[in-house]
Amino acid sequence: MEFRQLRYFVAIVENGSFTRAAEALFIAQPSLSQQIALLEDELHVRLLIRGGRGISLTPSGTVFYSQANVLLKQLSTMRELVQMSDDSPSGVVSVGFPFSISSLLAVPVVEAVSSSYPNIQLSVVESPSVYLSELFLNGRLDLCFLSKKLPRSNTVHAAYDEELRFAGTPSAMAFLGESKEIELVKACGHPLLLPSRSNTSRSSIENAIAQFGLHLNVVAELESSRLLQAAAIKNLGFIIQPASALDYEVRAGHLRAVNIVEPSLTRTVSLCSSSHRPMTRQTQCVLDILLKIASNYWA
């Protein structure tokens, strides 16, 4: 088995046909077909089924595709490890940020990496946690902030506990007077703008109120942290979000946030890397910066 056969196989799957894969690889289609036939002969299994609408994977092909991706990524990482210089690490490092913390941490991280390691190209991906976890588990991200538990095969470098707060416009929050807190039961009685049930913050709220036999007064579900805040600023309802997500709008005076008590609500944010992939020098450099900046905020 040769690495080029793995690369050819992955290209066929990702392009959906032998013809498009041959064009993308700049090789003749007969040569491509021959290499896949040799691969199947060596493995004694059928990997692909050709059809009128393209190709499909057999069960064996699905397993082989997953492992081929891992091996090709490891080969790419090996090249980076050999070629890079300890004094001047270089290469692309991809980092995932949930919407809730990207506005707080992403720009400082980009600034720090650019200043300290000009040859490192940082690729920042901003997305809801549920989608970030899929990207991370599929090997699309080197490092990722997540607020959900991952399989043990992944490494958690740091975990930070963060409070969820109740927020609305200063005028809408006037009923609290000068108080800096609100009981959970009372907070849930107000019209709420919340993310969907797949969101970890929503799960924390749902689990906490279950003991009281209460139901949330949800007027709308908005997955994006920014959309939730924009709707709250328009006085369409109140929001319950992590402190980091609310930081900018609170400092700007657009929103007022108070602590939730009896009980308080928290979530855990973890900074993760995959143990399936070797830690390159450039990834370690970015990880060190992430740990420093996150620790300064959540100290």
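Strands β8 (residues 192-194) and β9 (residues 218-221) run parallel and are joined by three bridges; two strands are taken as paired if DSSP finds at least two bridges between them. Helices (H or I, at least four residues) and strands (E, at least two) are DSSP runs, numbered from the N terminus. Within this pair, Leu 192 stands opposite Val 218 of β9. Together with helix α8 (residues 200-210), β8 and β9 form a right-handed β-α-β unit. Right-handed here means that, with the strands pointing away from the viewer, the path from the first strand over the helix to the second runs clockwise.

The model is predicted: local features need pLDDT of at least 70 and side-chain atom pairs count only at pLDDT 80 or more, while totals for chains, interfaces and linings use all residues. Residues are numbered from 1 along each chain as its sequence is written, and side-chain values use heavy atoms, with hydrogens and water left out.

The largest nonpolar core has 25 residues. Such a core is a set of buried Ala, Val, Leu, Ile, Met, Phe, Trp, Tyr and Cys residues joined through side-chain atoms within 4.5 Å; buried means under 20% relative accessible area, exposed over 50%, and partly exposed in between (1.4 Å probe, protein chains only). Two or more residues each come from β3 (91-98), α5 (99-116), β4 (120-127), β5 (143-146), β6 (154-168), β12 (266-274) and α11 (281-298). Helix α11 gives the most, eight residues. Val 286 is among the residues with the most contacts inside the core. Residues up to four places away in sequence aside, Val 286 touches Val 93, Val 95, Val 113, Ile 120, Leu 122 and Leu 143, where contact means heavy atoms within 4.5 Å.

Strand β12 also holds Ser 273, which counts as buried because its relative accessible area is 5%. The side chains of Ser 273 and His 157 make a polar contact of 2.6 Å (a pair of N or O atoms within 3.5 Å; within protein, one must be able to donate a hydrogen and the other to accept it, and residues adjacent in sequence count only if both atoms are side-chain atoms). Beyond four places in sequence, the contacts of Ser 273 include Phe 136, Asp 142, Leu 143 and Met 279.

Some loops have backbone features to note. The peptide bond from Glu 262 to Pro 263 is cis, with omega near -5°, and Pro 263 lies in the loop between β11 (256-261) and β12. Phe 26, in the loop between α2 (18-25) and α3 (29-43), has a positive phi near 60° without being a glycine. Phe 26 counts as exposed because its relative accessibility is 77%.
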